[in-house]
Amino acid sequence: MKYSYYPGCSLHTTAKEFDISTKVVMEELGIELKELEDWSCCGGSVAAGVSHDVGMALAARNVALAQKQNLDLLASCSGCYNKSARALKALDNQAEKERITAILSEMGVSVSDYNIRVRNVVDVLANDVDIASKIKKPLTGLKVACYYGCLLTKPADITGWDSPVYPMSMDKLSQICGAEVVDFRSKTKCCGGPILVAKQDVAFDLTKNLLDEAKSLDADCIVLACPLCATNLELRQADIEKKYNVSYNLPILYITEIIGLALGIKPGKLGINKHIVSPKSVLRKLGL
């Protein structure tokens, strides 16, 4: 099994632990990742706010590069995955394809006829890989709240591999790893990431609601697959504690990190030491 791996901007900067753990876990599972050559930013929500067509073209550029490698495109970041999947679908629409390819031609990139898919690492791990037979260190006693956010499984016509309303793929992966999964009802509610700069108070309220629920469920950590969500839940956690006079000290981990721990991979090799909110409470509970 081999994929054209698109890390995106966040995994090379603020979410290096997600990049590290993705590569280590995939290698352990026998999945080859070939990093996409000359990849560029997918544009996120910023480019689309300026121009829909330019935003689509930025994401389609990476899709076109993966087509040249004739490999399915794999993204760990839910935002990069969602934007890339949207671009792939847009290329199936003749009117959109003409506008997108015109912009791509100015970038010196052309779209090929290779039929590839855009995949997310959670999708692949949940649906294509037998993880259960490879578990070496079950996460017995660990209570996790799985958070999907806005982009990982929505909308259904773009994603299609899990419920957009109440997804369960990360829940099932966590259970396979031996963890206890709490009934996190806010698993697809927005964390406020996209409005953090423009409307910080609103964003903090949304993030606080997620932290409050996870804490009320006695979760040891929140598990996710989105660097932007991690920014709000982890990087801004101290700011929220100060503003509302509350205390969480709740570790925020990527799904690939807890899978890696269950596979018996050392925490340091997974990049777990790079977190802002210390994951030591999780590691102690697991005897690591």
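1. Buried area is the accessible area, found with a 1.4 Å probe, that two parts lose on being put together, summed over both. In this predicted model, domain 1 and domain 2 bury about 2200 Å² between them. Of that area, 69% lies on carbon and sulfur atoms. On the side of domain 1, the residues that lose the most area to domain 2 are Glu 17, Phe 18 and Ser 78, which together account for 25% of what that side buries.

2. The division of the chain should be kept in mind throughout. Domain 1 covers residues 2-121, and domain 2 covers residues 131-286. The C-alpha centres of the two domains are 24 Å apart. Contact between them involves 24 residues of domain 1 and 26 residues of domain 2.

3. Six residue pairs are in polar contact across the interface of domain 1 and domain 2, with both residues at pLDDT 80 or more. Three helices, α1 (8-11), α2 (16-28) and α5 (78-90), each supply at least two residues of the side of domain 1 that touches domain 2. The largest share of that side comes from α2, with nine residues. By residue class, the side of domain 1 that touches domain 2 comprises 11 nonpolar, eight polar and five charged residues. The number of salt bridges between domain 1 and domain 2 is two.

4. How many salt bridges does the structure hold? The count for the structure is 18. One of the pairs joins Lys 136 and Glu 28, whose side chains meet with an N to O distance of 3.6 Å. Lys 136 lies in the loop between α7 (121-127) and β5 (143-146), whereas Glu 28 belongs to helix α2, so that the pair links parts of the chain 108 residues apart. Lys 136 has a relative accessible area of 56% and is therefore exposed, the cut-off being over 50%. Glu 28, at 37% relative accessibility, is partly exposed.

5. A second pair, Arg 117 and Asp 72, forms a salt bridge at 3.4 Å, N to O. Arg 117 is in the loop between α6 (94-107) and β4 (118-120), and Asp 72 is in the loop between α4 (52-69) and β3 (73-75). These distant parts of the chain are 45 residues apart. Arg 117 counts as partly exposed at 46% relative accessibility, while Asp 72 is buried at 18%.

6. Asp 171 sits in helix α8 (residues 169-176), and Lys 187 sits in the loop between β6 (180-181) and α9 (200-216), 16 residues away in the chain.

7. A final point concerns a linked group. Asp 19, Lys 23 and Glu 35 are joined in a network of salt bridges.

Terms used:
Residues are numbered from 1 along each chain as its sequence is written. This is a predicted model: local features need pLDDT of at least 70, side-chain atom pairs count only at pLDDT 80 or more; totals for chains, interfaces and linings use all residues. Side-chain values use heavy atoms; hydrogens and water are left out. Domain bounds come from an automatic or database domain assignment. Contact means heavy atoms within 4.5 Å. A salt bridge is a side-chain nitrogen of Lys or Arg within 4 Å of a carboxyl oxygen of Asp or Glu. A polar contact is a pair of N or O atoms within 3.5 Å; within protein, one must be able to donate a hydrogen and the other to accept it, and residues adjacent in sequence count only if both atoms are side-chain atoms. Helices (H or I, at least four residues) and strands (E, at least two) are DSSP runs, numbered from the N terminus. Ala, Val, Leu, Ile, Met, Phe, Trp, Tyr, Cys and Pro count as nonpolar, Asp, Glu, Lys and Arg as charged, and the others, Gly among them, as polar. Buried means under 20% relative accessible area, exposed over 50%, partly exposed in between (1.4 Å probe, protein chains only).
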